[in-house]
Amino acid sequence: MIQDPKRKYIPFVPIKRPNRTWPDKQITHPPIWCSVDLRDGNQALVDPMNVQEKLELFHTLVDIGVKEIEVGFPSASETEYEFLRALIDGGHIPSDVTIQVLVQARPHLIRTTFEAIAGAPNVILHFYNSTSTLQRKVVFHKDMDGIIQIAVDAARLIRELSEPVIRSGVDLRYEYSPESFMGTEMDNAVLICQRVLEELHATPERKVILNLPSTVENCMPNYFADEIEYFIEHLPSRDCAIISLHPHNDRGEGVATAEMGLLAGAERMEATLFGNGERTGNVDMITLAMNMYTQGVHPGLDFSDINKVKEVYERVTKMKVGERQPYAGELVFTAFSGSHQDAINKGVQYMRESASDLWEVPYLPIDPSDVGRQYEPIIRINSQSGKGGAAFVMQTYFGYDLPKAMHPEFGHIVQLETDRVGTELKPERIYQLFKDAYVDLEAPYKLVKHAFTETTDDAGRSHVSFRGTLRHKDTVFEVEGEGNGPIDSFFNAIHGQKMDRFTFVDYKEHAIQSGSDSLAVAYIQLRDSMGRDYFGVGVDHNINLAPLRGIISAINRAVSG
Ligand code: KIV
Ligand code: ZN
């Protein structure tokens, strides 16, 4: 890198628009979507798709609900031509889907393109030539009049060749792109597009798509939006055009450019799945669509099974979707930080308790299940996770609602394990740690057998007698006690044994569904004479027995700790 980049790079000069209105607008409806995956996306692949792969991606796009699909550049290569014929002759195009074909504004290529589309019922013929100051200077060596002439001549030829096609009943529409629009003087962009509209005899009933690409993203999205607003305001035949955008992503701002461009008045969006395309790619259709969705605007596209879309995309393009790709990346519904996990935990609980339909979970901008993602991969426990993370997993995956006071103790057990193994822990492993530490703890004390008898006195007060056989290591002994409930009678029964140095602090019990029947889970908090607290967990089908198991679990933890 050089010290003074001004000596090398020409900064973008924004147009002056003090009266801009787009910043106060909102996106209230989706644009007309056009996928350019099979053309712009495909041409940028190291290993372009074959006909079968393109067909599979085409069907995926149709299933998502895209109604306009640019299928290729049929005059450019034999494979492109073949694919188009396979689509048309194989009857793959649903009647409500329009295919779009791209062609340079050159007469012989335009003629070949007309041959290639024969038999297709709905077609957008998309032609383009480059208009930017840079391309005029270094590539075409032409002034703006020469560039306009190329577009106008192409438009005239297209209209002539279209006449018999339209007469035969084909719904043939036109699209014109002033390629590298973002580097074109705005008045020149307006001028060339207006001339094309006139030459194509565009009317409000037969609008022509004017596609304004940021072929190479060269400025901040707000400047681009100013250009779009200016263009729309100054185009004389505005009502005869559909304004389309085709943002690339060279500055990593493609989505913002697209969104601000929509605010500025664009009506149509050319995009690709996962932002595939030349260099840094085209704008990502999924992010754009899902961003709208989270603002309450249905995008008109269906990404309910985003994993399937990703699977097809990765297979046919041989590209990888990054782990942090919005909405689709492997890690985007994962919280590693403990405080995030705690907040997610509270959000999920709040939603359950309030029974509200509104999504109000911190750190998760969208309900993962809306895109077919499970709660499963939401949270992973690693050495960075806090005390609430493990409890969250126990609740979300296994239905155990650990008392708040127990979170640090169990969190510490999980933490020790993550430090030991050095990797994240899957929910099943966390469950196993919980069982090992609390539920399956049968030594040194074990309840071998027991019996309760319950009576009520004349005042309706409950009276419980407990008799049981306990084992401590190899010694088996009998205990019995009375109390006003199962826990009380059990505590009285063990009075005088070594187990009685604990006082009872707290107790919580709830049911969890296990297959078709339910289990009772009791969490017991005991305190020893030194003031140290111990938790125990008992699980049993019998609601009276679960707490006793919990008490023994807590004592076992205390005496073996
Ligand atoms: O990026 C671009 O300008 C294009 C045009 C052909 C629309 O892909
Ligand atoms: Zn492009």
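A polar contact here is a pair of N or O atoms within 3.5 Å. By that cut-off, His246 touches ligand 1: an N or O atom of the His246 side chain sits 3.1 Å from an oxygen atom of the ligand. Keep in mind that this is a predicted model.

- Asp40 and His246 are both buried.

**Ligand 1 and its shell**

- Which residues surround ligand 1? The list is Arg39, Asp40, His126, Ser177, Glu179, Asn211, Pro213, Thr215, His246 and His248.
- Thr215 puts a polar side-chain atom 2.5 Å from an oxygen atom of ligand 1.
- His248 does something along those lines too, with a polar side-chain atom 3.0 Å from an oxygen atom of ligand 1.
- On its own, ligand 1 would expose 260 Å², and the protein buries 94% of that.
- Two or more shell residues come from each of H1, strand S5 (171-179) and strand S6 (208-214).

- As background, most residues other than glycine have a negative phi, and most peptide bonds are trans.
- The peptide bond joining Ala443 and Pro444 is cis, with omega at about 5°.
- Pro444 belongs to the loop between helix H15 (427-439) and strand S9 (445-456).
- Lys318 isn't a glycine, yet its phi is positive, at about 60°.
- You'll find Lys318 in the loop between helix H11 (306-317) and helix H12 (338-354).
- Lys318 counts as partly exposed because its relative accessibility is 41%.
- Lys473 is another residue other than glycine with a positive phi, near 50°.
- The loop that holds Lys473 runs between strand S10 (462-472) and strand S11 (475-483).
- Is Lys473 buried or exposed? With 58% relative accessibility, Lys473 counts as exposed.

**Trp22, ahead of strand S1**

- Trp22 sits in the segment before strand S1 (32-35).
- Why does Trp22 count as buried? Its relative accessibility is 6%, and the cut-off for buried is under 20%.
- Setting aside neighbours within four places in sequence, Trp22 is in contact with Asn222, Ala225, Asp226, Glu229, Met260, Leu263 and Ala264.
- With Asp226 there's a side-chain to side-chain polar contact from Trp22, at 2.8 Å.
- Trp22 and Ser95 are 73 residues apart along the chain, and their C-alpha atoms are separated by 36 Å.

**Asn122, in strand S4**

- Asn122 is part of strand S4 (residues 122-130).
- A relative accessible area of 13% makes Asn122 buried.
- A polar atom of the Asn122 side chain lies 2.9 Å from the backbone oxygen of Ser95.
- Beyond neighbours within four places in sequence, Asn122 is in contact with Ser95, Val97, Thr98, Ile99 and Asp171.

**Ile543, in a loop**

- Where is Ile543 found? It lies in the loop between strand S14 (533-540) and helix H17 (545-560).
- Ile543 counts as exposed because its relative accessibility is 55%, and the exposed class starts over 50%.
- Leaving out neighbours within four places in sequence, the contacts of Ile543 are with Glu509 and Ala520.
- The C-alpha atoms of Ile543 and Val101 are separated by 70 Å, and the two residues are 442 places apart along the chain.

Terms used
Residues are numbered from 1 along each chain as its sequence is written. Chains are lettered from A and ligands numbered from 1 in the order in which they are written. This is a predicted model: local features need pLDDT of at least 70, side-chain atom pairs count only at pLDDT 80 or more; totals for chains, interfaces and linings use all residues. Side-chain values use heavy atoms; hydrogens and water are left out. Buried means under 20% relative accessible area, exposed over 50%, partly exposed in between (1.4 Å probe, protein chains only). A residue is near a molecule or strand if one of its heavy atoms lies within 4 Å of it. A polar contact is a pair of N or O atoms within 3.5 Å; within protein, one must be able to donate a hydrogen and the other to accept it, and residues adjacent in sequence count only if both atoms are side-chain atoms. Accessible areas come from the Shrake-Rupley method with a 1.4 Å probe; for residues, only the protein chains shown count as cover. Helices (H or I, at least four residues) and strands (E, at least two) are DSSP runs, numbered from the N terminus. Contact means heavy atoms within 4.5 Å.
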